[in-house]
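Open your viewer, show the side chains and follow along.

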Amino acid sequence: MKHFNADLHLHSRFSIGTSPQMDLPHMSDAARIKGVDILGTSDCLYGPWLEELESSLEKSGDRYEFEGIAYVIEAEVETTVGGRVHHLILFPSFSSAHELRDIILEHGYSQLTSGRPQLKIAPEGLFSLVRDVGALVGPSHAFTPWTSMYAAYDSIHDCYGENAKHVTFLELGLSADTQMASKLAELDSCAFVSFSDAHSPSPEKLGREITRFALRRASFREINRALQGVNGREVVLNVGLDPREGKYHLTGCRRCKKAYKLEDIIIDGRVLKTCPGCGGPLKIGVKDRIRLLTLKSHELSVARRPPYVHAVPLMEILKAMKQSQRMNVKKVYEALIQRFDNEIAILIDAPLTSVEQQHPQLAEILARFRRDAIDFEFVGRGGWYGKIKI
Ligand SMILES: [Zn+2]
Ligand SMILES: [Zn+2]
């Protein structure tokens with residue numbers, strides 16, 4: 001079995017608010033520098049992009065590839081019946097993606113005129129459609145307080161109904177990690193995946209969260225097996241941001257950025273929607289959302305989970321280091337990539353002694369990351385990203 005780093009949730013240049021460089025050449029170049037072996041195609045239900053993918057990706061057996069990077073046919077959709085929820089769909093083939101497109105258009109669930117389409121259907125119905133074309137679906141950024149499963153529903157069963165027991169994966173999203181999500185016993189049969197949801201090929205976005213799989217080769221079929229943990233295929237590692245960096249870790253005010261403890265904003269059993277300080281919009285953080293959900297259930301999780309390593313993009317670390325010392329961030333970055341081949345090797349796998357030879361201060365910072373001993377200047381809340389202290 002070989003290890004593959006995968007980032008299977010991206011958005012192409014056809015989605016709203018994305019970089020015009022989200023095309024296959026730029027995405028593939030970025031993946032190589034990051035050390036990502038398998039990318040999601042993004043937005044494959046959108047006609048013009050699907051056409052471009054079909055004419056550009058090479059197929060060998062059940063594996064798709066562009067210039068040495070493997071691709072899984074992928075799209076994110078939003079269901080709008082019963083609340084707005086985002087779902088990640090992984091397809092075995094282009095024909096499967098076409099089948100789903102045809103069904104969606106035929107039934108008028110959507111006109112499919114954007115990269116991430118809104119479908120007039122409930123999650124349970126979506127699950128059945130996706131299963132019928134041989135594809136996989138699970139909640140994306142499941143804990144985000146907008147457009148996510150746990151924003152709209154209190155349980156995976158409420159969301160997917162009778163199909164909940166067949167959901168094989170859940171995307172953690174930038175504001176949650178395995179430690180937080182595994183408090184929910186109802187998720188025991190789902191593999192946790194971490195992907196970037198990148199809107200640009202910048203090394204600070206693409207691959208900022210990845211899932212490492214043990215597979216025979218980089219294909220949908222193998223990933224499907226790994227998500228179910230069969231025949232030695234499995235998820236071996238999640239890598240992602242410290243949830244404190246995410247925009248919605250704590251409960252906080254969008255306007256004045258003040259953080260609140262859960263007990264201070266529950267009045268007469270109701271959670272306040274506006275900031276007691278300034279009247280701005282208050283958003284429940286992921287940490288508190290999970291606490292509220294676990295208060296309802298007394299089941300304990302028994303799932304064995306692979307480790308989740310907190311990491312931030314190397315460029316971000318170098319930029320923070322630059323505040324206290326003169327350096328050419330771009331040059332240092334390029335020299336490090338040249339020496340270690342890719343970014344994930346530097347952040348996760350390289351022996352610290354060899355990083356030390358190249359850059360002693362960076363080795364010190366990475367040591368703190370790998371021990372999970374990073375401090376924060378500002379913990380994310382209310383839509384504001386957290387800021388690490390270097
Ligand atoms: Zn989304
Ligand atoms: Zn406020």
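A charge sits over a ring if NZ of Lys or CZ of Arg is within 6 Å of the ring centre and within 35 degrees of the ring normal. Select lysine 283 and tryptophan 146: the charged end of the lysine sits over the tryptophan ring, 3.6 Å from its centre. Then move to arginine 339, whose charged end sits over the ring of phenylalanine 340, 4.5 Å from the centre.

This is a predicted model, in which local features need pLDDT of at least 70 and side-chain atom pairs count only at pLDDT 80 or more, while totals for chains, interfaces and linings use all residues. Residues are numbered from 1 along each chain as its sequence is written, and side-chain values use heavy atoms, with hydrogens and water left out.

Next come the ring pairs. Rings of Phe, Tyr and Trp (its six-membered ring) pair if their centres lie within 6.5 Å; planes under 30 degrees apart count as stacked, over 60 as edge-to-face and the rest as tilted. The structure holds six aromatic pairs. Select tyrosine 64 and phenylalanine 94, an edge-to-face pair with 5.0 Å centre to centre and 70 degrees between the planes. Tyrosine 64 lies in strand β4 (residues 63-66) and phenylalanine 94 in helix α3 (residues 94-106), 30 residues apart; helices (H or I, at least four residues) and strands (E, at least two) are DSSP runs, numbered from the N terminus. Both tyrosine 64 and phenylalanine 94 are buried, meaning under 20% relative accessible area, with exposed over 50% and partly exposed in between (1.4 Å probe, protein chains only).

Finally, select Phe14, Tyr46 and Trp49, which ring pairs link into a cluster.

Technical notes:
Chains lettered and ligands numbered in written order.
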